[in-house]
Amino acid sequence: MGVAGLVLKRARAGLGLLLTILVLAAGTTAIIAGTLGYSDAAATTAARQALTDAAPTEAGIRVQTRLAQDPQAQDAAAQRIIREAFAPTDVRVQRTIRSEPRAVADQTGRLVVMASPALNPGDPGFAERIEVVDGSWPKPSDGVVQGALHEGAAELWGVGVGDRLDVSGTPVDITALWRPSDPSEAFWFGDPLVETGTDAGTVGPLVVPEAATTSFGSTPFVQFTVQPDADRILPVDMPRLAAVAGELDRTLKTPGVDVRGVTVEGDLAPTAAAASRNLATARALNLVPVTLLLLVSLIAIVQIARLQAQARAGEVELLFARGASRGQLLLWAVIEAVAVAVLAAALGTATALGVMQLVPAGDLQGGIVVRTGILAGVAVLVALVVVAALQVRSLAAQTATDRSGRTRTVAALGTVVLTLGAAAIAWWQLN
């Protein structure tokens, strides 16, 4: 009979205990892998929720400096520096040019002029960002500057499509009236002017083609609004977000970007730092029950393996008597243990992976579930091999066993007597 046949016959003879070990190991693997996977999925959901639930000014930052003489080079340099600083975390960077409040002839209040690639009808998000109330969106023109005025500002001033405004000496034809589809959208960065069209004596914004933003006097500001992609954020990204957001103003102070100073506003750093601390605390608290579950399960597996070893003691003694070597018996035990551990790990891991598909962000946890399944399988294998090795060594050395159980009874009784005696002596010494 070959080795495979002999191992199969041994397994068949002890099938009940082997199935018990298999079910216990598979269940333990599924629970531990599923728990760790669910914990990471919940942490991922919490990290993303921390950004999506926060106000735009708390979930992003806005960098501001003056517009450079070469706006395209400045934009390319700023985008590169920002993305490299946050890498490998994905962030959205949106560029906006914004003037200082400018005087308008025959009107009260001062007008803010704005331009951005995101405020161009060719941008994919334009329709979700801008609602054109009247007229047609302004286009670049070699003649009079065209502009779209916020409907709140137009109502305040009593102007409409077809009217002309004199903005710091520059004529602007109003070709459209608009309002934001959602003033709370991250792009607007909580700007109160965008919501109502007026804010503490400031009116607008007036959206014009980008080329026209330098037609109204002093050099305008350029703003880079930076927002992490909340749909792709992972818990490990939060500490990096906090660190980079807090240092970005110094990072951008380079000749290609910085024009008369760089300022950063927004509370992304404290938001990410608070989320990072909360996630770290949750993970630390999760470690204790998972560790206890693993230890209890291993103890149960070891006890069942010892029960199986005791049931096979007579068989092993007979094999020794017929000339089997210690190495042969150990090899058979290892083959059997490998089969049980691999099958249990595979079943448990597959179950955990299936459950993860039902959990938000669970499809991202395949790595940790598989790694946990492998480690659980290795732990089961080690436990079974150690028990088998100890049995083989004991029987090979012809260690006498107490089949009546009297030795264990006497040992237990002796332990109790010695413990009580030690306690009595300690009490006497204390008195």
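Mentor: Axes are lines fitted to C-alpha atoms, for helices over the stretch in contact, and angles run from 0 to 180 degrees between N-to-C directions. Helices (H or I, at least four residues) and strands (E, at least two) are DSSP runs, numbered from the N terminus. This is a predicted model, in which local features need pLDDT of at least 70, side-chain atom pairs count only at pLDDT 80 or more, and totals for chains, interfaces and linings use all residues. Residues are numbered from 1 along each chain as its sequence is written, and side-chain values use heavy atoms, with hydrogens and water left out.

Trainee: How many helices and strands does the protein have, and what percentage of its residues count as buried?

Mentor: The secondary structure comes to 12 helices and 12 strands. Buried means under 20% relative accessible area, exposed over 50%, and partly exposed in between (1.4 Å probe, protein chains only). Of the 431 residues, the share that counts as buried is 43%.

Trainee: What share of the contacts with a separation of 6 or more comes from residues 24 or more positions apart?

Mentor: Contact means heavy atoms within 4.5 Å. Among contacts in the protein with a separation of 6 or more, residues 24 or more positions apart account for 80%.

Trainee: How are helices α3 and α7 oriented to each other, roughly parallel or roughly antiparallel?

Mentor: Two packed helices are described by the angle between their axes and the distance between the axes. Helix α3 (residues 71–86) and helix α7 (residues 237–251) pack at about 150°, with their axes 9 Å apart. Angles under 35 degrees count as roughly parallel, over 145 as roughly antiparallel, 65 to 115 as roughly perpendicular and the rest as oblique. The orientation of α3 to α7 is therefore roughly antiparallel.

Trainee: Which residues of α3 meet α7, and how do the residues of the contact divide?

Mentor: On the α7 side, the residues are R240, L241, V244, A245, L248 and T251, and they meet I81, I82, A85 and F86 of α3. Ala, Val, Leu, Ile, Met, Phe, Trp, Tyr, Cys and Pro count as nonpolar, Asp, Glu, Lys and Arg as charged, and the others, Gly among them, as polar. The residues of this contact between α3 and α7 divide into 8 nonpolar, 1 polar and 1 charged.

Trainee: Is the crossing of α7 and α8 left-handed or right-handed?

Mentor: The axes of α7 and helix α8 (residues 268–311) come within 8 Å and cross at roughly 155°. That makes α7 roughly antiparallel to α8. A crossing is left-handed if the near helix is turned anticlockwise from the far one by less than a right angle, and right-handed if clockwise. The crossing in which α7 passes α8 is left-handed.

Trainee: Which orientation do α9 and α10 have to each other?

Mentor: Helix α9 (residues 313–321) and helix α10 (residues 326–356) have axes that come within 10 Å and cross at roughly 140°. Residues V316, L319 and F320 of α9 and R326, L329 and W332 of α10 make the contact. The orientation of α9 and α10 is therefore oblique.

Trainee: How many salt bridges does the structure hold?

Mentor: A salt bridge is a side-chain nitrogen of Lys or Arg within 4 Å of a carboxyl oxygen of Asp or Glu. R66, E100 and R102, for instance, are linked in a network of salt bridges. The number of salt bridges in the structure is 15.

Trainee: How many residues apart are E265 and R62, and is R62 buried or partly exposed?

Mentor: E265 forms a salt bridge with R62, with the closest N and O atoms 3.1 Å apart. E265 lies in strand β12 (residues 263–265) and R62 in strand β1 (residues 61–66), so the pair links distant parts of the chain, 203 residues apart. E265 has 37% relative accessibility and therefore counts as partly exposed.

Mentor: The side chains of E247 and R250 meet in a salt bridge (2.5 Å, N to O). At 38% relative accessibility, E247 counts as partly exposed.

Trainee: Which residues does D237 touch, not counting residues up to four places away in sequence?

Mentor: D237 lies in helix α7. With a relative accessible area of 7%, D237 is buried. Not counting residues up to four places away in sequence, D237 touches T89 and R232.
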